[in-house]
Amino acid sequence: MVAALTLTTTLAGAADSKGIVAKADLEKCVGFTVQDAAAFLGVPAPQVARHIERISKTLVVCSFAAGRATPAIAFSIEIEPSIRKAVEQMDLYRDNLSTTGDTAPWKGKLPKGAYSDIVGAGLGDEAVWTDINGTLTVRKANATIQVTLPKARPDQIKLAQTVAAKF
């Protein structure tokens, strides 16, 4: 069972003539700064610590914490070589969520299904929320953002919109 939720924003900016996100500085979390995190967290920027972990050539994990606390913001950004590849990866992600949702300990415990597509929200070309791992995953063209922290879905949507606006 798949539920749909409607919201809106877009990834704008550095896309080439084919609609591919071409200029995304993964080393700088595509421009999401300590100041952006401070505004999101409601603390002064000097209190925010940023950590960037390069997972691969095309994937980075960005996290931000207020002081020495555990991260309050965490998201990954992946840039695929083509829109087709990014779409395939989102389809595979949905398939994996569905498979996981049909196995213990999740079977029968996900009242809205393994995931919910979020449509019309301007969160890019497609967006998926799942209770399995509590994440929001957004695809725009060949870029994918997955928000893991904060945990509340409305906060994840707000963060995804802020990050997406950096493209």
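Is the link of C29 and C62 left-handed or right-handed about the S-S bond? In this predicted model, the link of C29 and C62 is left-handed, with -115 degrees about the S-S bond.

**Disulfide**

The structure holds one disulfide. It is formed by C29 and C62, whose sulfur atoms are 2.1 Å apart. The pair joins distant parts of the chain: C29 sits in the loop between β1 (3–6) and α1, C62 lies in strand β3, and 33 residues separate them. Both cysteines, C29 and C62, are buried.

**Nonpolar cores**

The largest nonpolar core has 33 residues, and those with the most contacts inside it are F32, F64, F75, I77 and L136. At least two residues of this core come from each of α1 (34–41), β3 (59–66), β4 (73–79), β6 (126–130), β7 (135–140), β8 (143–149) and α3 (153–164). Helix α3 gives the most, with five residues. A second, separate core has eight residues, including M90, L97, V128 and I132.

**Aromatic pairs**

There are three aromatic pairs in the model. Two of them are set out below.

| Pair | Distance between ring centres | Angle between planes | Geometry |
|---|---|---|---|
| F32 and F64 | 5.1 Å | 70 degrees | edge-to-face |
| F32 and F75 | 5.4 Å | 85 degrees | edge-to-face |

F32, F64 and F75 form one aromatic cluster.

Why does F64 count as buried? Its relative accessible area is 0%, and buried means under 20%. F32 is buried too, with a relative accessible area of 0%, and so is F75.

Beyond its neighbours within four places in sequence, F64 is in contact with C29, F32, T33, V34, A37, V48, A49, R50, P71, A72, I73 and F75. One of these contacts, C29, is a cysteine of the disulfide with C62.

**T137**

T137 is placed in strand β7. T137 counts as buried because its relative accessibility is 3%. The side chain of T137 makes a polar contact of 2.8 Å with the side chain of Q146. Leaving aside neighbours within four places in sequence, T137 is in contact with M90, Y93, E126, A127, V128, T144, I145 and Q146. Among these contacts of T137 are M90 and V128, which belong to the second core.

Definitions and conventions: Residues numbered from 1 in each chain as written. Predicted model: local features only at pLDDT ≥ 70, side-chain atom pairs only at ≥ 80, totals over all residues. Heavy atoms only, no water. Core = buried A, V, L, I, M, F, W, Y, C linked by side-chain atoms within 4.5 Å. Buried < 20%, exposed > 50% of the residue type's maximum accessible area, 1.4 Å probe, protein only. Helix = DSSP H or I, 4+ residues; strand = E, 2+ residues; numbered from the N terminus. Contact = heavy atoms within 4.5 Å. Disulfide = S-S within 2.5 Å. Polar contact = N/O pair within 3.5 Å; in protein donor to acceptor, adjacent residues only side chain to side chain. Phe/Tyr/Trp six-rings, centres within 6.5 Å; stacked < 30°, edge-to-face > 60°.
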